[in-house]
Amino acid sequence: MEKRKISIIGSTGSIGTQALEVIDKLRDKFEIIALAGGHNVELLNRQAEKFKPKYTCLGEEGLERICSDKDNDIILVACSGKIGLKPTLTAIKNGIDIALANKETLVMAGDIVMAEAKKYGVNIVPVDSEHCAIHQCIKNVNQVDKLIITASGGPFLHKSVEEMKNSTVEEALAHPRWNMGKKITVDSATLMNKGLEVIEAHHLFGFDYDDIEVVVHPQSIVHSAIEYKDGSVIAQLGLPSMHIPIQYAITYPERYEGIKSKSFSFAEIARLDFEKPDFEKFPTVKLAYEMGKTGGTATVCMNAANEEAVFAFLNGKIKLYNIYEITKKMCDEHKVIQNPSIDEIFETDKEIRIKSQEVISNVRF
Ligand code: MG
């Protein structure tokens with residue numbers, strides 16, 4: 001088989017470094033065209049030395065070049081935040097398949113991205129473990145009634161609201177199951193991550209919000225499930241390691257042993273628990289459903305406000321619960337544009353970030 005030519009946007013981040021670990025095990029299957037990092041020059045250089053890409057780039061400037069390079073068979077979009085959107089669209093227009101780990105791309109512009117992918121016949125394979133699970137479960141989408149997205153519940157699942165409200169950055173970053181980047185880990189603590197994933201699922205698989213359910217599953221073994229019309233439920237299970245969904249997404253439709261370290265054992269896992277999410281304690285999920293149903297720039301607004309608030313929390317400027325308050329306030333005040341253009345999406349994003357910054361600078365605690 002010919003080697004699959006791949007580039008990684010965000011190679012120095014959490015998903016990017018794990019993707020290179022996968023590729024290291026599958027050297028005969030991949031040729032790396034380009035690696036793009038955020039700001040960790042040293043790591044990017046080390047990666048370049050080891051994997052010998054055709055070229056590397058640092059920061060946002062080179063992303064357009066990478067994504068218009070038709071040498072690529074597939075691009076792994078593994079950066080976090082809004083910078084994933086433009087390069088993804090460029091890659092799609094160039095007919096390059098996408099392994100998508102950046103959920104903001106779909107939260108901000110899911111309608112446009114999915115329509116473009118269809119137009120150019122491009123595969124978008126999700127890396128996000130829940131969506132990757134659903135992708136593996138679905139054979140005929142028309143026979144499926146409902147998507148069931150699992151949530152680990154994050155570090156505050158069984159803590160009191162008070163403890164959660166007064167948590168430190170360290171506590172919020174201590175995720176019980178997954179080792180991920182800081183922004184997504186805070187989103188997991190507030191459960192906004194699950195809200196964003198509901199919106200992501202809506203776009204990826206074309207399901208109404210009322211047909212997407214969230215269930216808390218603390219062990220993170222069942223990565224998500226689907227219910228067929230006849231009541232049959234198919235779930236995808238596995239140990240909680242991002243290597244598995246990353247490998248699935250970049251090798252799809254093939255499957256290789258790759259980075260697999262041990263066999264799955266039901267007996268060792270012994271039990272799987274499920275519970276209803278507490279939307280009172282974690283109102284972010286409810287907000288995400290509401291904004292998703294509103295559509296247009298509502299989700300752009302929610303995403304931008306949340307991201308700014310998360311950064312402010314990580315910088316010690318606000319408390320954890322302020323993240324929701326600020327995001328909710330921005331959503332309440334936002335005048336939604338329906339069917340926005342890409343320019344309108346970026347304008348809304350910019351405007352909301354500026355407004356959020358103003359609100360953040362006035363928070364007193
Ligand atoms: Mg996920």
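**Ground rules.** I am working with a predicted model, where local features need pLDDT of at least 70 and side-chain atom pairs count only at pLDDT 80 or more, while totals for chains, interfaces and linings use all residues. Residues are numbered from 1 along each chain as its sequence is written, and side-chain values use heavy atoms, with hydrogens and water left out.

**Helix α16.** I began with α16, which covers residues 342-361. Helices here are DSSP runs (H or I, at least four residues), as strands are (E, at least two), numbered from the N terminus. I checked the length of α16: its 20 residues should span 28 Å at 1.5 Å a residue, and the end C-alpha atoms are 29 Å apart, which agrees. The expected span is 1.5 Å times one less than the number of residues.

Next I asked which residues of α16 are buried. They are I342, I345, T348, D349, I352, R353, S356, V359 and I360. Seen down the axis, these buried residues fall within an arc of 135°, so they line one face of α16; the arc is taken from the directions from the helix axis to the C-beta atoms. An α-helix has 3.6 residues a turn, so residues three or four places apart point the same way. For the terms, buried means under 20% relative accessible area, exposed over 50%, and partly exposed in between (1.4 Å probe, protein chains only).

I noted that the buried residues of α16 pack against α4 (85-93), α5 (104-119), α14 (298-314) and α15 (320-333), with contact meaning heavy atoms within 4.5 Å. Turned away from that buried side are the exposed D343, E347 and K350.

**Around α11 and α12.** I then looked at the loop between α11 (243-251) and α12 (266-269), where F264 sits. F264 counts as partly exposed because its relative accessibility is 32%. The peptide bond from Y252 to P253 is cis, with omega near 5°, and P253 is found in the loop between α11 and α12.

**Positive phi.** Most residues other than glycine have a negative phi, and most peptide bonds are trans. I therefore wrote down S220, whose phi is near 50°, and A270, at about 70°, because negative phi is what most residues other than glycine have. S220 is in the loop between β8 (212-216) and β9 (222-228) and counts as buried at 4% relative accessibility. A270 is in the loop between α12 and α13 (283-294) and, at 65%, counts as exposed.
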